[in-house]
Each structure stands twice: as C-alpha cells, then as structure tokens.
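Thanks for coming. I have one model to go through, so please look at the screen and then I will start.

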Amino acid sequence: MHLAQLNVAHLREPLDSPALTDFLDALAPIYQVSDAAPGFVWRMKEGDEPTDLIQHDYGPMLVVNLSVWESRETLWNFVYRSAHLEVMRRRREWFHRIAEPYTVMWWVPEGHLPPLDEAVARLDLLRAQGPGPEAFTFKDFYDSSDAACLPAAAEVRK
Amino acid sequence: MTSDDLESMTVLGDPVRRALYRFVAEQGRDVSRNEAAEATGVQRTLAAHHLDKLVEAGLLESRFKRLSGKAGPGGGRPAKVYRRVREERTVSLPPRDYRTLALVLAETVDLLGGEEKAEQAARRTGERLAASDAADLPEVLRARGYEPYEEDGRVRLRNCPFHVLAESHPLLVCSMNLALCEGMLAGLGETGVVATLDPRPGECCVAFTSSKNNVD
C-alpha cells in the first residue's frame with residue numbers, strides 16, 4: 001500500500017497579490033525537493049509550471065496539494081526534515097489559521113492515483129468522525145494493516 | 001524514568017565503555033569495531049565486548065554491513081557496526097517528568113494558535129541562556145546538548161535536544177528551536193552568524209552560517 005496525503009490551505013490574499021509572491025516563488029524549489037525525495041511516488045499536477053495550482057470547485061481562495069508516498073517515514077522526512085519546513089514555518093504569512101484539520105492521509109493500493117474528490121471525501125471523513133483507518137493524520141496515524149481490513153479501501157465513500 | 005533506564009546508565013560506569021559510547025555517539029553514523037577500538041586505544045576484542053554490552057543495555061544499536069560498499073559475492077564479509085539509538089534514556093532522582101508537561105504545553109500553544117508568542121518566548125529564553133553561560137556559540141550549544149559539528153563551512157547540530165516534542169509537534173518545536181538559537185546568537189552578541197532552518201532526517205533542524213556568505 002502507498003500513503004496518500006491531501007493538504008488544503010485558505011489564502012489570506014488572492015494569488016495574484018504581491019503578498020503571495022514569496023509563496024509562488026517557493027513552489028519550484030520545493031517541488032524539486034519533493035519530486036526527488038526518497039519515497040515520493042506521485043503528485044497531482046495541473047500543468048508543467050510549478051505555479052500551475054490544482055484547479056477545483058472549492059473557490060479561488062483554497063490551495064490544495066495531493067501526493068502519494070511509499071511510507072509514513074518518507075512523507076514525514078519530506079514535510080518536516082527538508083527545505084519544506086521553512087516554507088511551512090511561514091504559512092501564516094500566506095494562509096489563514098483554521099481550527100479544522102487541513103491535512104489528511106489514507107492508504108491507497110500501489111498504482112492508484114487518487115482523484116481529488118476521493119481526497120476531499122477523506123478530509124470530510126476526518127473532519128466529521130476524527131481520525132480512523134480510512135482518514136488519519138501524522139499525530140493519530142494508522143498502519144496500512146489497519147486499512148487493509150476495510151472492504152475495498154480505495155472505493156470507500158465514493 | 002524506568003528501572004531499565006537506570007540499568008542502562010550503570011552500564012556506563014565502566015570508563016572504557018563510556019569512551020566507546022562517546023566515540024560512537026560523536027560520529028553520528030555506523031562505526032565498526034576496528035574504528036572504535038583504534039579511536040579509544042583498546043584492543044579490538046575488548047572493544048567488541050564492550051560495544052555489545054552497550055547494545056544489550058539499549059544505548060547503541062548494531063547491524064551487519066559490508067564495509068566495502070559492494071554487494072553480493074566478492075563484497076567481503078559483513079562487519080558488525082554500531083550507532084547510537086535515537087530514543088533517549090532519562091534518569092532523574094527523585095523522578096521528574098518534564099516531558100509530559102512539555103507535551104501538554106505544546107498542545108496548549110496549538111489550541112490557542114500561540115505560535116508567534118511561543119517563538120518570542122523561545123527567543124528571549126535563548127538570549128538569557130547565552131548571557132548566563134557567557135561562552136562562545138559552540139560551548140553554549142554543547143551545554144544544551146545540540147552536539148555541534150562543522151560541515152562545508154557551516155555549523156550543523158547532530159542532536160535534537162527536543163526530539164520527542166519535535167516528533168509530536170514538529171512545526172511548533174522546530175520554529176521555537178530556531179527562535180531559541182537566534183536568541184542565543186543575540187545573547188552572545190554574535191552578529192557574524194545567522195541561524196537558519198535546514199533540517200535533515202535524524203538531526204536538529206537548525207544550522208548556523210556566516211552572515212557574510214549567506215547566499216545559497
């Protein structure tokens with residue numbers, strides 16, 4: 001099984017405002033790090049430019065990120081043990097603080113590239129029911145063996 | 001503290017073991033028996049005996065590795081190598097439990113959205129620590145358990161003194177750690193050096209570079 005992760009972030013200013021310049025400039029170097037990181041499998045792309053953010057139906061102020069990794073450890077090392085950490089440290093400059101969970105993880109069969117609606121359903125599940133084998137976080141993590149017991153894990157909540 | 005922790009410490013009562021433990025810990029990588037024996041000036045078989053005692057006590061971990069780097073036939077016999085375990089041992093008499101309180105406080109900062117205030121407090125604490133230690137940067141860092149070492153003209157930190165908290169609240173703790181280190185520089189009146197976040201798996205997230213060539 002591979003580990004999928006969705007991140008959502010609510011912009012403080014529109015993407016074309018000068019306040020977001022540093023964020024957009026950080027994307028290219030960060031994607032270079034993620035795409036070369038050990039355990040990186042896939043991330044959803046809208047276009048060839050790093051600043052081509054994923055298009056969706058949740059409004060222009062929401063930035064989403066969806067990726068698949070080989071394991072908790074490899075994803076953790078990218079998120080918290082690479083140049084990505086410094087960008088996250090500055091997140092308040094660009095994004096609102098939200099009380100709800102803004103990141104969710106779940107296990108997917110190897111080779112499955114989750115569509116955005118599957119990812120958002122997992123985030124909704126986490127927000128509604130708290131962490132469980134189908135939708136969880138680093139802090140409340142579930143192993144793939146927990147998820148494997150579930151019927152057709154990738155098909156859940158379509 | 002558990003009785004295991006205390007038992008682990010008693011294993012370090014032997015000066016040869018202490019020297020071996022210190023040497024392996026300082027390398028931050030796998031160390032072979034030969035290398036450890038040479039560095040501490042003891043016989044190889046004696047070093048092997050003590051290294052294995054340290055593994056038994058849970059202070060080091062060992063594995064077999066082909067030192068030639070070649071796999072398969074012709075790669076040579078795998079050698080036993082040692083490195084320090086990540087988990088800390090804590091001995092406090094009488095027992096104290098600052099870790100649980102620190103976890104609760106970190107949770108509280110998250111709930112309050114108080115990251116900025118926490119970073120300010122860390123900066124002030126760093127200033128105070130450095131001012132009271134009244135030494136140079138490496139000494140202040142060593143005194144706090146960071147284990148500084150040099151690499152490519154920058155000072156990196158082998159050990160994260162806040163490891164458990166950095167695992168449970170990485171963003172908060174690493175940001176506070178950076179602020180703490182910035183505070184130490186300010187407290188020392190050190191203007192030629194800047195602290196930056198440059199995390200790596202298994203190490204502290206902060207590195208120090210000269211402020212003059214701060215262009216990566």
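In helix 2 of chain A, residues L75(A), N77(A), F78(A), V79(A) and Y80(A) are buried. Buried here is a count: 20 or more other C-beta atoms within 10 Å of the residue's own, against 12 or fewer for exposed and anything in between for partly exposed, with C-beta atoms placed from the backbone. Helices (H or I, at least four residues) and strands (E, at least two) are DSSP runs, numbered from the N terminus.

A word on the source. This is a predicted model, where local features need pLDDT of at least 70 and side-chain atom pairs count only at pLDDT 80 or more, while totals for chains, interfaces and linings use all residues. Residues are numbered from 1 along each chain as its sequence is written, and chains are lettered from A and ligands numbered from 1 in the order in which they are written.

What do the buried residues of helix 2 of chain A pack against? Within chain A, the partners are strand 1 (2–10), helix 1 (21–36), strand 2 (40–43), strand 3 (62–69) and helix 3. From chain B, helix 9 (170–188) joins them.

That brings in the interface. Ten residues of chain A are in contact with eleven residues of chain B, contact being C-beta atoms, placed from the backbone, within 7 Å. On the chain A side, helix 2 (72–80) and helix 3 (84–89) each supply at least two residues. Helix 3 of chain A gives the most, with four. By class, this side has three nonpolar, two polar and five charged residues. Nonpolar covers Ala, Val, Leu, Ile, Met, Phe, Trp, Tyr, Cys and Pro; charged covers Asp, Glu, Lys and Arg; the others, Gly among them, are polar.

Also in chain A, E93(A) lies in helix 4 (residues 91–94). E93(A) is exposed, because 12 other C-beta atoms are within 10 Å. From E93(A) to D25(A) is 68 residues in sequence and 14 Å in space, C-alpha to C-alpha.

Now chain B, which has nine helices and seven strands. Its C-alpha atoms fill a box of roughly 55 × 45 × 35 Å along the principal axes. Of its 216 residues, 28% count as buried. An automatic or database assignment gives domain 1 (3–84) and domain 2 (98–210) of chain B, with 29 Å between their centres, taken over C-alpha atoms.

Helix 2 of chain B (residues 15–27) has 13 residues and should span 18 Å at 1.5 Å a residue; its end C-alpha atoms are 19 Å apart, which agrees. The expected span is 1.5 Å times one less than the number of residues. Which residues of helix 2 of chain B are buried? They are R17(B), L20(B), Y21(B) and V24(B). Seen down the helix axis, these fall within an arc of 100°, so they line one face of helix 2 of chain B; the arc is that of the directions from the axis to the C-beta atoms. After helix 2 of chain B comes G28(B), with a positive phi near 65°.

Last, some backbone geometry. Most residues other than glycine have a negative phi, and most peptide bonds are trans. In chain B, a cis peptide bond joins L93(B) and P94(B), with omega about -5°. P94(B) lies in the loop between strand 3 (79–84) and helix 5 (98–112) of chain B. E147(B), not a glycine, has a positive phi of about 55°, and counts as partly exposed, with 18 C-beta neighbours inside 10 Å. D152(B), also not a glycine, has a positive phi of about 50°, and is exposed, with 7 other C-beta atoms within 10 Å.

Key:
Two residues are in contact if their C-beta atoms, placed from the backbone, lie within 7 Å.
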